[in-house]
Amino acid sequence: MSNTAQIAPSILSADFLNLERDVRLLTESSEPPEWLHIDVMDGHFVPNLTIGPPFVRALKRITTVPLDVHLMIDNPAEQLDWYLDAGADLLTVYLEAAKPGARGERKGSSATIKELHEAEVEHVSTLLDRIRKAGALVGLSLNPETPTGLLLPFYQQLDLVLLMSVHPGFGGQSFIPESLVRLEAIRRDAEALRAKVLLEVDGGIDANTAKLAVAAGADVLVAGNAIYGQADPVEAMQLIRAAC
Ligand code: DX5
Ligand code: ZN
């Protein structure tokens, strides 16, 4: 666990008609965020549709803050090159979406899987390898009901694990309390394997849950509504930092 939590504001809650203004507000503030979190949703893997590669490319032109691209899409194998070419610094795919030919069962609005067969582990591993070879940092995400133990074969390939603390698809949801023990479990597994991964948590993070998440092992805090949903996003970002 790092001593200082890193902040990754999610532009999902920004004003899309004034996206450049909202991004610069934070990235050009006196204490800019460590990441800019970009939620890519395809209307299939999650029941919402957001933005694609042209936005990533455009955002890359207006900031040097690393772009943390969170791919909530089916078949990332077909599309991940688009995001790497567009300038993603960190690209995160889902364990669930990477299961070839199947999205697993659905719980709430998101897919959950209980096991991965050998060929599926190999498929995920190949995706992660492609991200690495393209020169980006490698992230792997998992949904709220998917067992954290399914990450075990992948730790050595990862720079970051993204734990979903809500069912992905929408901003402004409440933090799922069980996420805290899941963060602790991932932190334990990573340490046991001596894997140097950042642990990112996404969904329902505000000053209160941020503090709990960091105590449970989170290094990177994604926050949408708690930053861009507030009257003063810069102050809101600093409040989350200060709480940890
Ligand atoms: C949800 C997205 C999140 C979202 C978080 O599926 O992955 O990044 O923006 O929003 P808040 O912080 O409002 O829960
Ligand atoms: Zn996200």
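Arg-194 is exposed, because its relative accessible area is 75%, over the 50% cut-off. This is a predicted model. Arg-194 sits in the loop between helix 5 and strand 9 (198–202). Its phi is positive, about 50 degrees, although Arg-194 is not a glycine.

**Zinc site**

- Four residues coordinate the zinc ion (ligand 2): His-37 through NE2, Asp-39 through OD, His-70 through ND1 and Asp-202 through OD. The distances run from 2.0 to 2.3 Å.
- Six donor atoms surround the zinc ion (ligand 2), and their angles of 72 to 170 degrees make the arrangement octahedral.
- Six octahedral donors would ideally give angles of 90 or 180 degrees.
- Along the sequence, the donor residues of the zinc ion (ligand 2) follow the spacing H-x1-D-x30-H-x131-D.
- His-37 belongs to strand 2 (residues 36–41) and His-70 to strand 3 (residues 67–72), so this pair ties together parts that are 33 residues apart in sequence.
- His-37 is buried, at 0% relative accessible area. His-70 is buried too, also at 0%.

**Nonpolar cores**

- The largest nonpolar core holds 66 residues. Ile-11, Val-69, Leu-95 and Leu-221 have the most contacts inside it.
- Ile-11 touches a range of residues beyond its neighbours within four places in sequence, including Phe-16, Leu-19, Val-23, Leu-36, Ile-51, Leu-59 and Tyr-228. The zinc ligand His-37 is also in contact with Ile-11.
- Another core lies apart from the largest one and has 16 residues. Among them are Trp-35, Leu-160, Leu-162 and Met-164.
- In soluble globular proteins, nonpolar side chains tend to be buried together.

**Helix 2**

- Helix 2 spans residues 53–62, and its buried residues include Pro-53, Val-56, Leu-59 and Ile-62.
- Residues three or four places apart in an α-helix point the same way, because each turn takes 3.6 residues.
- The cover over the buried residues of helix 2 includes helix 1 (19–27), strand 2, strand 3 and helix 3 (76–86).

**Salt bridges**

- The model has ten salt bridges. Side chains of opposite charge can pair when their charged atoms come close.
- Glu-28 and Arg-24 form one, at 2.6 Å from N to O. Glu-28 is exposed, at 52% relative accessible area. Arg-24 is partly exposed, at 29%.
- Asp-159 and Arg-132 form another, at 3.0 Å from N to O. This pair links distant parts of the chain, 27 residues apart. Asp-159 is in the loop between strand 7 (137–142) and strand 8 (160–164), and Arg-132 is in helix 4 (residues 118–133). Arg-132 is partly exposed, with a relative accessible area of 35%.
- Asp-219 and Arg-187 pair with their closest N and O atoms 2.5 Å apart. They too link distant parts of the chain, 32 residues apart. Asp-219 lies in the loop between helix 6 (207–215) and strand 10 (220–223), while Arg-187 lies in helix 5 (residues 179–192). Both Asp-219 and Arg-187 are buried.
- Asp-15, Arg-21 and Asp-22 join in a network of salt bridges.

- Thr-112 is part of strand 6 (residues 110–112). Thr-112 is buried because its relative accessible area is 8%, under the 20% cut-off.
- The side chain of Thr-112 makes a polar contact with the side chain of Thr-146, at 3.3 Å.
- A polar atom of the Thr-112 side chain also lies 3.3 Å from the backbone oxygen of Glu-145.

**Other single residues**

- Asn-75 has a positive phi, near 50 degrees, and is not a glycine. Asn-75 is placed in the loop between strand 3 and helix 3. With a relative accessible area of 40%, Asn-75 is partly exposed.
- Ala-243 is in helix 8 (residues 233–243). Its relative accessibility is 23%, so Ala-243 counts as partly exposed.
- Beyond its neighbours within four places in sequence, Ala-243 is in contact with Ala-207 and Lys-211.
- Ala-243 and Thr-63 are 180 residues apart in sequence, and their C-alpha atoms are 26 Å apart in space.

Methods:
Residues numbered from 1 in each chain as written. Chains lettered and ligands numbered in written order. Predicted model: local features only at pLDDT ≥ 70, side-chain atom pairs only at ≥ 80, totals over all residues. Heavy atoms only, no water. Helix = DSSP H or I, 4+ residues; strand = E, 2+ residues; numbered from the N terminus. Buried < 20%, exposed > 50% of the residue type's maximum accessible area, 1.4 Å probe, protein only. Polar contact = N/O pair within 3.5 Å; in protein donor to acceptor, adjacent residues only side chain to side chain. Donors = N, O, S within 2.8 Å, 3.2 Å for Na, K, Ca; no water. Tetrahedral: all angles 85-135°; square planar, octahedral: opposite > 155°, others 65-115°. Contact = heavy atoms within 4.5 Å. Salt bridge = Lys/Arg side-chain N within 4 Å of Asp/Glu carboxyl O. Core = buried A, V, L, I, M, F, W, Y, C linked by side-chain atoms within 4.5 Å.
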